[in-house]
Amino acid sequence: MVGQFESGKDTVQVITESAATHIGNIATIITGAVRDIARETGDWLTEVIEMREAAQKAREDRVDPELDD
């Protein structure tokens with residue numbers, strides 16, 4: 001028969017193992033989410049930069065009507 005102390009120790013051990021597993025899973029989820037957010041933000045900023053550069057190039061390529069006279 002298991003004593004009260006050993007039973008309590010086993011309970012604490014199981015709870016600790018369970019908590020460690022769940023905290024690890026949560027950390028993995030958060031890490032993945034942060035990675036995905038960083039990737040999407042980077043992609044979005046790249047698009048903004050590309051659009052800005054394209055607009056600048058279009059302005060430079062546009063013929064100034066006053067110079068055509």
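Student: How many residues apart are Asp61 and Lys57 in helix 1?
Tutor: Four, so about one helical turn separates Asp61 and Lys57. Helix 1 covers residues 4-61; helices here are DSSP runs (H or I, at least four residues), numbered from the N terminus.

Student: What do Asp61 and Lys57 form?
Tutor: A salt bridge, with the closest N and O atoms 3.3 Å apart. The term means a side-chain nitrogen of Lys or Arg within 4 Å of a carboxyl oxygen of Asp or Glu.

Student: OK, and what am I looking at here?
Tutor: This is a predicted model, where local features need pLDDT of at least 70, side-chain atom pairs count only at pLDDT 80 or more, and totals for chains, interfaces and linings use all residues. Numbering runs from 1 along each chain as its sequence is written, and side-chain values use heavy atoms, leaving out hydrogens and water.

Student: How many salt bridges are there in the whole structure?
Tutor: The search finds four. Among them, Arg35 pairs with Asp36 at 3.5 Å, N to O, and Asp36 pairs with Arg39, also listed at 3.5 Å, N to O.

Student: Which residues are linked in a network?
Tutor: Arg35, Asp36 and Arg39, through salt bridges. Asp36 and Arg39 sit three residues apart in helix 1, so about one helical turn lies between them.

Student: New topic: how accessible is Asp36?
Tutor: Partly exposed, at 36% relative accessible area. That class lies between buried (under 20%) and exposed (over 50%), using a 1.4 Å probe and protein chains only.

Student: And what about Arg35, Arg39 and Lys57?
Tutor: Arg35 is partly exposed at 45%, Arg39 is partly exposed at 45%, and Lys57 is partly exposed at 48%.

Definitions and conventions. Helices (H or I, at least four residues) and strands (E, at least two) are DSSP runs, numbered from the N terminus.
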